[in-house]
Amino acid sequence: MNKTLRKAVIAGNWKMNKNRKEAKALIEEMKPLVAGADCGVVICVPYTNLETALQATEGTNIKVGAENCHWAKSGAFTGEISADMLTEMGVEYVVIGHSERRQYFGETDATVNQRVRAALDAGLNVILCVGELLEQREQGITEEVCGMQTKVALGGVSKEELKKIIIAYEPVWAIGTGKTATAQQANEVNHYIRTVVGGLYGQDAADAMTIQYGGSMNAGNAEELLAQPDVDGGLIGGASLKAADFSVIVKAASK
Ligand SMILES: O=C[C@H](O)COP(=O)(O)O
């Protein structure tokens with residue numbers, strides 16, 4: 001596995017945080033700190049902040065993403081947003097299958113796959129989240145769970161389309177808990193996911209795939225996690241809400 005074949009991407013997932021004024025202030029503070037980064041920089045923000053984020057990041061190296069999208073192009077789906085609505089705004093990325101969507105909003109592997117398909121059809125880059133629950137890790141079925149989530153989510157995705165997908169391995173027990181997977185645990189599962197991708201699409205596709213780690217990554221632990229051979233960046237929750245912390249992670253990924 002040659003890490004130099006792929007680019008690290010640091011993506012902030014703001015979740016349900018920041019009003020428009022706060023979003024603008026955070027981006028303005030962040031801009032000079034991440035300018036010139038030698039990695040991809042993405043901020044995934046609430047729908048209500050997309051316009052603000054797109055305007056504030058214009059002409060910078062920061063790309064803007066949404067935190068979800070629906071699988072249909074349009075229709076009677078109250079409260080949902082389509083992938084086409086996002087691309088029409090200029091949004092380039094979308095997070096799909098985050099564990100909070102799976103846990104609290106009934107997302108299944110099948111609906112994650114439908115949303116991935118819709119996002120690709122609309123031309124979006126996808127950050128596809130997979131990860132095991134604590135009890136699944138304790139049962140020793142982490143690889144089965146992550147492998148299955150990956151395979152189902154990628155159903156009907158061509159090798160060419162795969163280039164627009166980043167996988168984020170996020171052990172559910174490490175999200176927002178301050179409990180990070182060890183660098184070794186993160187690398188092991190990322191490596192396994194890469195093997196699964198290789199089985200589906202071939203070694204060249206697996207080698208080229210960006211696979212992030214997410215789950216309490218912060219300014220203090222980012223360097224060690226990002227130094228792992230199969231960890232190509234991070235999906236950052238809490239630490240992406242502070243410009244200084246986020247920029248330390250971006251700098252660690254740029255080394
Ligand atoms: O999408 C981000 C992950 O859920 C990680 O969140 P966290 O960094 O707050 O643990």
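Predicted model: local features only at pLDDT ≥ 70, side-chain atom pairs only at ≥ 80, totals over all residues.
A quick definition before we start: a residue counts as near a molecule if its C-beta atom, placed from the backbone, lies within 6 Å of it.

Ligand first. How many residues surround the ligand? The count is 14. The closest are Asn13, Ile175, Gly214, Gly237 and Gly238. By class, the shell holds five nonpolar residues, eight polar and one charged.

Now the fold. We have a closed barrel of eight strands. The order is β1-β2-β3-β4-β5-β6-β7-β8, and the pairing is parallel. From one strand to the next, the twist averages 25°. Helix α2, residues 50-57, packs on the sheet. There α2 touches β2 (40-44) and β3 (62-66), and its direction makes about 170° with that of β3.

Next, the β1 and β8 pairing. Strand β1 covers residues 9-13 and strand β8 covers 233-236. They pair in the parallel sense over four bridges. Alanine 11 faces leucine 235 of β8 across that pairing.

On one side, β6 (residues 165-169) runs parallel to β7, joined by three bridges. Tyrosine 169 sits opposite tyrosine 213 in β7. β7 also pairs with β8, again in the parallel sense, over two bridges. In that pairing, tyrosine 213 stands opposite glycine 234 of β8. Which way do the β7 residues point? Ile211 and Tyr213 go one way, Gln212 and Gly214 the other, and all are buried.

On to the annotations. UniProt, in an unreviewed entry, marks a "binding site" at Asn13, Trp14, Lys15, Gly176, Ser216, Gly237 and Gly238. Those positions spread over 226 residues of sequence, but they cluster in space, with a largest C-alpha distance of 13.7 Å.

Two of them in detail. Serine 216 is in the loop between β7 (211-214) and α11 (222-226). Why is serine 216 counted as buried? Because it has 22 C-beta neighbours inside 10 Å, and the cut-off is 20 or more. Beyond four places in sequence, serine 216 contacts Ala174, Thr177, Gly178, Lys179 and Thr180.

Glycine 237 is in the loop between β8 and α12 (243-253). Glycine 237 is buried too, with 22 C-beta neighbours inside 10 Å. Leaving out residues up to four places away, glycine 237 touches Asn13, Lys15, Ile175 and Gly176.

Then the "active site" annotation, also from the unreviewed UniProt entry: His98 and Glu170.

Where does histidine 98 lie? In the loop between β4 (93-96) and α4 (99-104). Histidine 98 is buried, with 28 other C-beta atoms within 10 Å. Glutamate 170 is in the loop between β6 and α9 (183-201). Glutamate 170 is buried as well, with 30 other C-beta atoms within 10 Å. Setting aside neighbours within four places, its contacts are Ser99, Cys129, Gly131, Ile175, Gly214, Gly215 and Leu235.

Last item, aspartate 121. This residue is in helix α5, residues 109-121. Buried or partly exposed? Aspartate 121 is partly exposed, with 14 other C-beta atoms within 10 Å. From lysine 164, aspartate 121 is 43 residues away in sequence and 11 Å away in space, C-alpha to C-alpha.

Technical notes:
Residues numbered from 1 in each chain as written. Pairing = 2+ DSSP bridges. Axes fitted to C-alpha atoms, helices over the stretch in contact; angles between N-to-C directions. Contact = placed C-beta atoms within 7 Å. Nonpolar A, V, L, I, M, F, W, Y, C, P; charged D, E, K, R; others polar. UniProt positions renumbered as here; feature names shortened; annotations may be inferred. Buried ≥ 20, exposed ≤ 12 C-beta atoms within 10 Å, placed from the backbone.
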